[in-house]
Amino acid sequence: MPNPGARNWAKLVLLGMIWGASFMFVSVALNGFAPISVAAARISIGALTLYIMIRALGVSLPDWSAPQGRAIWAAAAAMGLFSNALPFTLLSWGQTYVASGFAGVCMAVVPLFVLPLAHFFVPGEHMTLRRGISFLIGFSGVIVLIGLDAFQSIGSDYEALARVACLGAALCYAIGAIVTRLCPATNMLSLSAAAMLCAAVMIVPVALWQEGVPARPDTLSLAAILYLGLLPTALAQILLVQVIRDAGPSFLSMVNYQVPVWSVLFGALLLNEVLPPQLLISLALILGGLLLSRKRVRALV
């Protein structure tokens, strides 16, 4: 693998901070918006930003009239659902009951979910013994993270359901990564804009149906929404494309080691969150599984 260079390392650290801080900003946005509205607002802002960008650059959306164009739009719709609309909604709802740091740690599970999915759906990405062991180690961290009593209290304990929702968001991101990998070759900015537009079409009607038009929010909540739409939803997508082109998807996957750390730091230092006592143990197990899966093995995401 070629040396990624200092510029790509800087972009990787910036991505980790942007995505890590997003969980804190979701918690702030929830003070003025309902959960689905948070997801719909950030996706709408991100979709509008990316669409304006591709128009300014002279990049067109995929051509629906061409057979390959229809396949790309199908992939974009799946990406919009699994990489944006569904996980953003699950995380927003989950963070009404769990700390932002907890939600951020759950994102470290994404590459572990990718391993078994890639085994069945991505040619050449078979589950080796090393990957199998890393998955089991990481999954044990997931069990610790949720708590052994979580499933016994589902139905009455919303915190337990929220933990499962955050893990469900991680699974959605993993499915979205598989879909992205299998999508036909196309301009990545065009694909990103198409996926975000599809997500907006999916989530905005649901938000209006379930929660109605949001009341006038406080300034801080509105600022949090603008951050979520412009940075972790739109700008991060641009940085992601640049890093993949310059240094490859394997290098980009190292951002999964940073996001949980930043989310815990931001939540504890700026929101004074009290984190579950098992969080550090689960984080060590999850990151240990990730490190083992990456050793001498190319990562998918």
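These legends describe close-up views of a predicted model.

**View 1. Helix 3 and its kink at leucine 81.** Helix 3 covers residues 67-94, 28 residues in total. From first C-alpha to last, helix 3 reaches 39 Å, close to the 40 Å expected at 1.5 Å a residue.

**View 2. The stacked pair of phenylalanine 25 and tyrosine 227.** A search of the whole structure finds four aromatic pairs. In the pair shown here, phenylalanine 25 and tyrosine 227 are stacked, at 3.9 Å centre to centre and with 15 degrees between the planes. Phenylalanine 25 belongs to helix 1 (residues 5-29) and tyrosine 227 to helix 9 (residues 219-247), so the contact ties together parts that are 202 residues apart in sequence. Tyrosine 227 is buried, with a relative accessible area of 14%, whereas phenylalanine 25 is partly exposed, at 23%.

**View 3. The tilted pair of tryptophan 93 and tyrosine 97.** The ring centres of tryptophan 93 and tyrosine 97 are 5.2 Å apart, with 55 degrees between the planes. Tryptophan 93 is partly exposed, with a relative accessible area of 28%. Tyrosine 97 is also partly exposed, with a value of 37%. Ring pairs link Trp93, Tyr97 and Tyr158 into a cluster.

**View 4. Arginine 42 over the ring of phenylalanine 88.** Arginine 42 lies over the face of phenylalanine 88, and the distance to the ring centre is 3.7 Å.

Note on methods
Residues numbered from 1 in each chain as written. Predicted model: local features only at pLDDT ≥ 70, side-chain atom pairs only at ≥ 80, totals over all residues. Heavy atoms only, no water. Helix = DSSP H or I, 4+ residues; strand = E, 2+ residues; numbered from the N terminus. Expected span 1.5 Å × (residues − 1). Bend = angle between axes of the 7 residues up to and from the residue. Phe/Tyr/Trp six-rings, centres within 6.5 Å; stacked < 30°, edge-to-face > 60°. Buried < 20%, exposed > 50% of the residue type's maximum accessible area, 1.4 Å probe, protein only. Lys NZ or Arg CZ within 6 Å of the ring centre and 35° of its normal.
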